[in-house]
Amino acid sequence: MTLTAPAPPPDARSERIEALQARIRGMQATKLETRAVPTHPALAGLLPQGGLREGTAVEAIGSTTLVMALLAAPSASGRWVAVVGMPEFGIEAADRFGIALDRLVLVPHPGDRWLTVLAALAEVIPVIAVRPSGRLAPAESARIMARVRERGATLVVAGDWPGSDARIRVEAGEWHGIERGHGLLEARDVVVSAEGRGHERRRRSRMRLPDRSLGFVAIGDDAPMRPVQLERVAGRRAAAQGAAGAPAGDRRAG
């Protein structure tokens with residue numbers, strides 16, 4: 001004959017469930033606090049949960065400077081960062097944006113093995129920027145993200161990434177400093193939007209990215225912006241200066 005313990009009274013069972021739920025909530029809160037990744041204040045307010053998080057992927061669309069802005073604060077905090085598949089990512093500009101070159105790993109041309117390179121870097125580098133080469137299948141991204149979560153890494157993706165936690169995009173922009181068809185490119189105003197998990201709707205902010213001192217700052221929303229095609233024109237001009245990545249203030253237009 002099998003003996004079973006009597007079930008606890010309904011009130012006692014409810015109290016036990018509530019106690020367990022409270023413990024779970026407390027554990028989750030502690031875990032989330034430890035998973036925050038330093039993020040520049042101008043961008044943190046746009047992203048879900050107030051900034052970058054370990055174990056997540058964020059798409060950064062429309063500007064290499066936006067990628068640099070997302071890497072600058074983690075790098076300044078002492079973290080290593082890596083950049084994969086972005087040959088236009090200039091080390092001189094990265095240095096002036098505040099990215100520590102002695103903690104920067106560059107793999108500009110990974111070719112068809114970019115996923116293998118990304119998986120290997122995720123084992124040891126806490127923050128990785130990557131431009132996917134070709135279309136990424138959901139199963140492939142799921143395998144990479146499992147490793148990213150296990151290692152507590154963060155992905156900043158310059159392109160599409162299935163199942164990303166957030167997307168931050170440069171929607172429009174214009175350069176300052178060109179007068180009568182010539183002059184120095186001194187600063188750039190952009191409209192940056194973000195959406196993703198934890199957002200009820202898309203958020204937008206107008207920023208100077210970068211300003212004259214190569215910082216990032218939110219500015220007023222007075223005048224309308226030109227279409228984002230201007231950013232592409234500026235990007236082609238910057239690429240013509242070579243892969244050295246000369247900062248915006250040193251590029252000449254004309």
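A nonpolar core is a set of buried Ala, Val, Leu, Ile, Met, Phe, Trp, Tyr and Cys residues joined through side-chain atoms within 4.5 Å, where buried means under 20% relative accessible area with a 1.4 Å probe and protein chains only. The model is predicted, so to speak of local features requires pLDDT of at least 70 and side-chain atom pairs count only at pLDDT 80 or more, while totals for chains, interfaces and linings use all residues. Residues are numbered from 1 along each chain as its sequence is written, and side-chain values use heavy atoms, leaving out hydrogens and water.

Let's start inside. The largest nonpolar core has 36 residues, and Val67, Leu70, Leu71, Phe89, Ile99 and Ile168 touch the most other members. Seven of its residues, the largest share, come from α3. Helices here are DSSP runs of H or I with at least four residues, and strands are runs of E with at least two, numbered from the N terminus. Valine 67 touches Ala60, Met86, Phe89, Ala129, Val156 and Ala158, leaving aside residues up to four places away in sequence; contact means heavy atoms within 4.5 Å.

A second, separate core holds 20 residues, among them Leu115, Ala122, Leu136 and Met145.

Now to a polar residue. Serine 141 sits in helix α6 (residues 138–151), and because its relative accessibility is 4%, serine 141 counts as buried. A polar atom of its side chain lies 2.9 Å from the backbone oxygen of proline 138. Serine 141 also touches Leu136, Trp161 and Pro162, again not counting residues up to four places away in sequence.

Technical notes:
Buried < 20%, exposed > 50% of the residue type's maximum accessible area, 1.4 Å probe, protein only. Polar contact = N/O pair within 3.5 Å; in protein donor to acceptor, adjacent residues only side chain to side chain.
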